[in-house]
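Q: Please take this structure through its definitions. Set each value against its cut-off, then conclude.

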Amino acid sequence: MKATSSKDFAYAMAPFKILSWPVGTWPLQHYDIFSAIRAVITSFLLLLMIAIVQSEMYLDTSDAEKNLDAVVILTCGYLAVSKVLQFRIHPAGLISNFTSAVKDYNELNDQEKRAIVRRHAYMGRVAGISGVLFAYFSATLFTTLPMLAAEEMKDIVNATEEHIPEYPIPSEKVVALVKIPENLYFMVFIVEYLMLLLTSNGNLGNDSLFFGITFHLCGQVEILKLDFKRLRNENERTKERFSVLTKRHVYLLNLAKMLDDTISSILAVQLFTSCILICTSGLQFIIALSVGNIVMTIKTFLVLNTLLVQLFAYSYVGDYLKRQMEGIGDSIYSCSWYDIPNSVAKDIIYVIMRTQDPVYLKAGRFFIVNMETYMSIMKTSMSYLSVLRVMIST
């Protein structure tokens, strides 16, 4: 943030710095020992949570409800670790895009272009922060519901019976195994709640960072479209102006490709796990409704909403980036091409041809992520969920 004094840049990127700096993935930070320590501590805590949950599943295989919760937490934990490591070990694409964003904001002096940038900054904030808030709310619910359940059990369970407390993450057997004193149970609650918040930051917090810079890139494409529409005959300056715009087009294409390279491998895991979690959480939701388990119904409903919001955000961002890149061809066709020199008019054809092959967000470099992908995953998940529901009912 010290690289620019632009208030627009602070408005657009400050929330993403707050979310990504604690986990060591903020692209404009100094990549020194302190940022490395933040990333190492984050990764260690996430891996510790994963180890605890996996151990709990191994020690207690009889509780299906708890194991389904464990699957959700494990998947989110693995995604958080992979995103932290990916954004930390391979940050070149994000650094290039954020450095370019700083330059864009410093050179912003047109009110119409400023309005375009601010609108896309708002879109990035909404897409990123909405998912994070859903995740924070779910983490808080995972923490408070066991406390409420414990209070109810005090009234139901006989005082002579030993009641094992529930924790935000499935860890009752592990806590009993390591023999943590009873006066430290509240501390265990707090630590596990912080682990869930850290998982939200590592997972959806890094997503919001990616959404923010992608929407900024889309805003720059929108500005380029505006410049192409304004292209007109200026005698000897026309060719020079057109050359500047085409170089800007190539530059934005390269930035988009860098973002795709950064997120491609993570998106493959994200789409696969989202499909599985939607099925398992949906099945858990149906079972909880059928038995009248209000607590589990609320938990699974929030988990489902968080997964769907995250998947929708990726699909919408990928689709919006594609449409913006394709729109450059329409905008350049809308300029006064019939009034400019023939040498420049011929080159317009090549720009239009290039826009027919826009940049996509791809999962694993082969699966395009857009709104069609979202609908396909939803249909597939619902189909598997229907099969699972029939199997349970029979």
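A: Start with the largest nonpolar core, which has 89 residues. A nonpolar core is a set of buried Ala, Val, Leu, Ile, Met, Phe, Trp, Tyr and Cys residues joined through side-chain atoms within 4.5 Å. Those with the most contacts inside this core are Met13, Ile169, Phe228, Phe242, Ile263 and Leu361. Helix α7 (residues 185-229) gives the most, with 15 residues. Helices here are DSSP runs (H or I, at least four residues), and strands are E runs of at least two, numbered from the N terminus. This is a predicted model: local features need pLDDT of at least 70, side-chain atom pairs count only at pLDDT 80 or more, and totals for chains, interfaces and linings use all residues. Residues are numbered from 1 along each chain as its sequence is written, and side-chain values use heavy atoms, with hydrogens and water left out.

Q: What is Phe228 in contact with, leaving aside its neighbours within four places in sequence?
A: Contact means heavy atoms within 4.5 Å. Phe228 has such contacts with Phe242, Leu245, Thr246, Ile328, Ser331, Ile332, Cys335 and Val351.

Q: What makes Phe211 and Tyr314 an aromatic pair, and of which kind?
A: Rings of Phe, Tyr and Trp (its six-membered ring) pair if their centres lie within 6.5 Å; planes under 30 degrees apart count as stacked, over 60 as edge-to-face and the rest as tilted. The structure holds twelve aromatic pairs. Phe211 and Tyr314 are 4.9 Å centre to centre with 75 degrees between the planes, an edge-to-face pair. Phe211 lies in helix α7 and Tyr314 in helix α9 (residues 294-333), so the pair ties together parts that are 103 residues apart in sequence. Phe211 is buried at 2% relative accessibility, and Tyr314 is buried at 1%.

Q: Which kind of pair do Tyr316 and Tyr320 form?
A: Their centres are 6.0 Å apart and their planes 10 degrees apart, a stacked pair. Both lie in helix α9, four residues apart, about one turn of the helix. Tyr316 is partly exposed at 29%, whereas Tyr320 is buried at 8%. Ring pairs link Phe215, Phe312, Tyr316, Tyr320 and Tyr374 into a cluster.

Q: What is the mean pLDDT of the chain?
A: pLDDT is the predictor's confidence in each residue, from 0 to 100. The chain mean is 84, and 92% of its residues reach 70 or more. Where pLDDT is low, the predicted coordinates should not be read in detail.

Definitions and conventions. Buried < 20%, exposed > 50% of the residue type's maximum accessible area, 1.4 Å probe, protein only.
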